[in-house]
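Dear colleague,

Please find below the structure I am handing over to you, together with its sequence. My notes on what was found in it follow.

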Amino acid sequence: MIDIKKLREGIDRVDGEIIALLKKRADLAKQVGAYKIAHSLPFHVVAREREIIDRILEQDTAPFPKEALRHIYREILSACLSLEEPVSISYLGPPATYTHQAAIKHFGNSLRFLPAPTIREVFRFVESKDALYGVVPIENSTEGMVNYTLDTLVETDLKVVGEIVLPIHHCLLTKSSSLSNIKTVFAHPQSQAQCRSFLSTHLPNIPLVETSSNTRAVELCLEDESGAAIAGEMASDIYNIPILRRHIEDYPDNQTRFLVIGTIEPGKTRKDQTSIMISIIDRVGALSSILDMIAKQGINVTRLESRPSRKKAWDYIFFIDIEGHQEDQSIRELLKKLQNLCPYVKILGSYPVPDRKNTVGASHT
Ligand SMILES: O=C(O)C(=O)C[C@]1(C(=O)O)C=C[C@@H](O)C=C1
């Protein structure tokens, strides 16, 4: 006969061992932190964190789910880093936006998160060193590029040091107990656009009020019992407002990409990508000859975007993402060739390819 009391005693013992080991780990991290202070080394080491997580996920952890272990280790590393230095991360706020959610996904919960009112302000917080990193939206899979971020990348000296892919699952948050009691829906225009079919099917003829962010939509609902807001699950936790419906987005594979910006460039990991920005001479075939040159170098282009240069009409800047790290021989050679060929080349940064697993549904608002 299985004795449940004994099994639970066994679990309590294991929990005690886990805590003793976490204490031991925290103590070692503090010693690493002291060494870094003595030798003026950066506290946050992306490549080392990647190495730890990759090594753990390669092991046979069954029956413990690997994805759960990834989250647990994200939090362990975040907590240990916070013991070494109080790291601040700026993000496009207010609190509970999808950008906030993306920042927590990437850095864990133990760091200090600093909301900024605009994308430009996120860059400013990092430039002024009030924050070590900034998180800004760059692209939504249904709504397209966030041009303001691309334009700000042109002006800044900051580097792109990471990318986060977050699934966007919109929820309908309301104090009302049923859809029939809802008299107004508050939402950011982008979220509203991503939930058009839910709104027209379940809340037809209900007035929609546009807000500056999803968080603002939730705040308005706190004052209006017959109001409903479109926002993420995190807003429900922070503002203590119930979720009436989940997954109300029209496309289940709705994702948003975010960039992490900063000054500390991550070292090489097993799988990196490099973002560059170029302008080209205005002549027929100029772009295709550059793409050809990249291909001949054996380098894969994963993304290509263009933006008006805003210096001369019909003059464009191209944002190109390629596979590999700028320390790789092939990329070094390519950059040299581009520098000879293009009027302007800027290396935005090399950083680990983001984890795209478990990325089910977010927008940046
Ligand atoms: O190895 C280091 O450099 C550490 O500071 C330790 C540690 C860790 O907890 O393992 C903490 C923070 C760094 O970003 C990477 C790793």
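I begin with the ligand. In this predicted model, the shell around the ligand comprises 7 nonpolar, 1 polar and 3 charged residues. The residues that surround the ligand are A29, V32, H44, V45, R48, E49, I52, L77, C80, L81 and E84. Helix 1 (4-38), helix 2 and helix 3 are the elements that each supply two or more residues to this shell. The largest contribution comes from helix 3, which gives 4 residues.

Helix 2 spans residues 46-58 and helix 3 spans residues 66-84; their axes lie 10 Å apart and meet at an angle of about 150°. Since the cut-off for that class is an angle over 145 degrees, helix 2 and helix 3 are therefore roughly antiparallel to each other. Their crossing is right-handed. On the side of helix 2 the contact is formed by E49, I52, I53, I56 and L57, and on the side of helix 3 by K66, L69, R70, Y73 and L77. Sorted by class, the residues of this contact are 7 nonpolar and 3 charged, with no polar residue. E49, I52 and L77, which belong to this contact, are also listed among the residues surrounding the ligand.

Helix 1 also packs against helix 3, at an angle of about 45° and with the axes 8 Å apart. That angle makes helix 1 oblique to helix 3. Helix 1 passes helix 3 in a crossing that is right-handed. Helix 1 contributes R25, A26, A29, K30, V32, G33 and K36 to the contact, while helix 3 contributes C80, L83 and E84. These residues divide into 5 nonpolar, 1 polar and 4 charged.

P63 is placed in the loop between helix 2 and helix 3. A cis peptide bond also joins G93 and P94, with omega of about 0°. P94 is located in the loop between strand 1 (88-92) and helix 4 (98-107). The loop between strand 1 and helix 4 also holds A96, a residue other than glycine whose phi is positive, near 80°.

The crossing of helix 5 past helix 6 is right-handed. I119, R120 and F123 of helix 5 meet Y148, T149 and T152 of helix 6 in this contact. By class, the contact of helix 5 with helix 6 has 3 nonpolar, 2 polar and 1 charged residues.

Finally, I turn to the database record. An unreviewed UniProt entry annotates residues 1-88 as "domain: Chorismate mutase". That span is 76% helix and 1% strand in the model, and its end C-alpha atoms lie 53 Å apart. The UniProt entry, again marked as unreviewed, also places the feature "domain: ACT" at residues 275-352. Over residues 275-352 the chain is 31% helix and 38% strand, with the end C-alpha atoms 11 Å apart.

With kind regards

Terms used. Residues numbered from 1 in each chain as written. Predicted model: local features only at pLDDT ≥ 70, side-chain atom pairs only at ≥ 80, totals over all residues. Axes fitted to C-alpha atoms, helices over the stretch in contact; angles between N-to-C directions. Parallel < 35°, antiparallel > 145°, perpendicular 65-115°, else oblique. Left-handed = near helix turned anticlockwise from the far one by under 90°. Contact = placed C-beta atoms within 7 Å. Nonpolar A, V, L, I, M, F, W, Y, C, P; charged D, E, K, R; others polar. Near = placed C-beta within 6 Å. UniProt positions renumbered as here; feature names shortened; annotations may be inferred.
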